[in-house]
Structures are given as structure tokens and as C-alpha cells.
Amino acid sequence: MFVDCPRCQTKYLLEKADEEGEFQCMKCSERFMVIGLQDDAPTQISRKDKTLLIPENKRIYVEIVKGSESGKAYQILKPIVTIGRGSQADIPLSDASISRKHCVIEISPERTVLRDLGSTNGTYVSGQRIDFAYLEDRSEFDLGNTRIRFLEISK
């Protein structure tokens with residue numbers, strides 16, 4: 001299975017990740033991780049009569065654009081991804097102002113939803129604290145001292 005660099009779309013074999021599961025693009029030097037592989041295929045989950053899955057014609061990434069982990073990018077291959085300080089989060093962040101289970105991104109063919117999971121310091125989109133918000137390509141959201149950009153790239 002191949003994964004794509006979120007910056008330049010150079011393809012890499014999944015097996016070429018380093019010990020921590022990260023890649024460093026040889027073309028543009030971007031560092032990124034792949035989130036959500038199960039049995040070498042993206043996961044599909046049904047929730048409340050709504051099927052959540054990564055659309056086949058899109059590649060989904062989140063990129064840390066502000067904070068102690070700025071510059072990291074993650075390719076998302078499953079439709080529900082948790083972000084938090086805890087080690088059980090799909091995207092673990094070291095920001096002490098982020099809750100262990102801070103928020104979740106839910107992806108369906110129709111839209112992508114960002115949901116706060118009752119975090120102490122909140123999830124913010126455009127400076128507004130949200131319970132949930134719809135994400136579009138290049139949407140940015142803040143968790144504690146960290147800003148994350150959502151990227152949805154057509155194949």
C-alpha cells in the first residue's frame with residue numbers, strides 16, 4: 001500500500017516508515033504519519049444510519065501549523081480520528097493545555113465534522129468555542145496552544 005506526502009504528493013510504500021511510524025519525504029523534507037490502517041485498508045464505520053468513510057477520490061490530512069509540534073502532518077485513513085494529549089488518541093499531542101481526549105474528526109462522503117469531546121479548555125474555530133463544526137479544505141482549528149489545519153486533496 002502507498003501513502004502520499006501531504007505537501008508534494010510523492011508516493012511512499014507504507015513499509016518504509018521509520019520506527020515511530022513516521023515518514024520523511026525525500027523530495028520536500030515534510031515529516032508525516034499515517035493514521036488508521038486496519039488490515040491494510042481504510043476503516044469504514046456506520047454511525048446513526050450514516051456511513052462514515054474516507055471518500056475514494058480524496059486524500060485527507062491534518063497539519064500542525066502552530067505549537068510545539070508545528071510542522072508535523074498526518075495522513076488520515078480512517079473516518080473517525082481522535083486528537084488529544086493521551087497516548088490512546090489517534091493523533092497524540094504533547095500540549096499540556098489539551099485534554100487527553102480533546103476532540104474527534106468524523107469524515108463522511110458528504111461532510112467532515114469536528115466535535116469537541118467535553119474538553120476543559122475547548123475547541124475553537126475562527127476564534128469561537130464550538131461543540132461541533134463542519135470542516136472544509138484548509139479549515140483551521142485551535143486546541144490549547146496548538147493550531148491544526150485540515151486538508152482535503154482531490155486525487
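Which residue forms a salt bridge with Glu69, and how far apart are the closest N and O atoms? I began my notebook with this pair and found that the partner is Lys72, with the closest N and O atoms 3.4 Å apart; the rule I applied asks for a side-chain nitrogen of Lys or Arg within 4 Å of a carboxyl oxygen of Asp or Glu.

Entry on conventions. I am working on a predicted model, in which local features need pLDDT of at least 70 and side-chain atom pairs count only at pLDDT 80 or more, whereas totals for chains, interfaces and linings use all residues. I number residues from 1 along each chain as its sequence is written, and I take side-chain values from heavy atoms, with hydrogens and water left out.

Entry on the whole chain. I looked up the secondary structure and noted zero helices and 19 strands, where helices (H or I, at least four residues) and strands (E, at least two) are DSSP runs numbered from the N terminus. Of the 155 residues in the protein chain, 47% are buried; buried means under 20% relative accessible area, exposed over 50%, and partly exposed in between, with a 1.4 Å probe and protein chains only. The chain exposes about 8,500 Å², of which carbon and sulfur atoms supply 44%, the areas coming from the Shrake-Rupley method with a 1.4 Å probe, and for residues only the protein chains shown count as cover. I also noted that, among contacts between residues at least 6 apart in sequence, 44% join residues at least 24 apart, a contact being heavy atoms within 4.5 Å.

Strand 9 and strand 19 pair in the antiparallel sense over eight bridges, and I count two strands as paired if DSSP finds at least two bridges between them. Within this pairing, Ile60 has Glu152 as its bridge partner in strand 19. Strand 9 is also joined to strand 10 (residues 72–76) by four bridges, again antiparallel, and there Val62 has Tyr74 as its bridge partner. The hairpin of strand 9 and strand 10 has five residues between the strands, and in it I found Gly67 with a positive phi near 120 degrees.

Entry on salt bridges. The count by the rule above comes to eight. One of them joins the side chains of Lys58 and Glu152 at 4.0 Å, N to O; Lys58 lies in strand 9 (residues 58–66) and Glu152 in strand 19 (residues 146–154), so this pair ties together parts that are 94 residues apart in sequence. Lys58 is partly exposed at 22% relative accessibility, and Glu152 is partly exposed at 23%. Returning to the opening pair, I noted that Glu69 is buried, with a relative accessible area of 13%, whereas Lys72 is partly exposed at 29%. A further salt bridge joins Arg147 to Glu140, with the closest N and O atoms 3.9 Å apart. Salt bridges that share partners join Glu63, Glu140, Asp142, Arg147 and Arg149 into one network.

I traced an open sheet of five strands in the order 12-11-13-14-17, with mixed pairing; its edge strands are strand 12 (91–92) and strand 17, each of which pairs on one side only. Strand 14 (residues 112–116) runs antiparallel to strand 17 and is joined to it by four bridges, and Leu114 has Ala133 as its bridge partner there. In a regular strand the side chains alternate between the two faces of the sheet.

Entry on Asp116. What is the nearest side chain of opposite charge to Asp116, which is buried yet has no salt bridge? I found Arg129, 5.3 Å away, with Lys and Arg counted as positive, Asp and Glu as negative, and His and the chain ends not counted. Asp116 lies in strand 14, and its side chain reaches the backbone nitrogen of Gly118 at 2.9 Å. Leaving aside neighbours within four places in sequence, Asp116 is in contact with residues including His102, Cys103 and Ile130.

Key. Polar contact = N/O pair within 3.5 Å; in protein donor to acceptor, adjacent residues only side chain to side chain.
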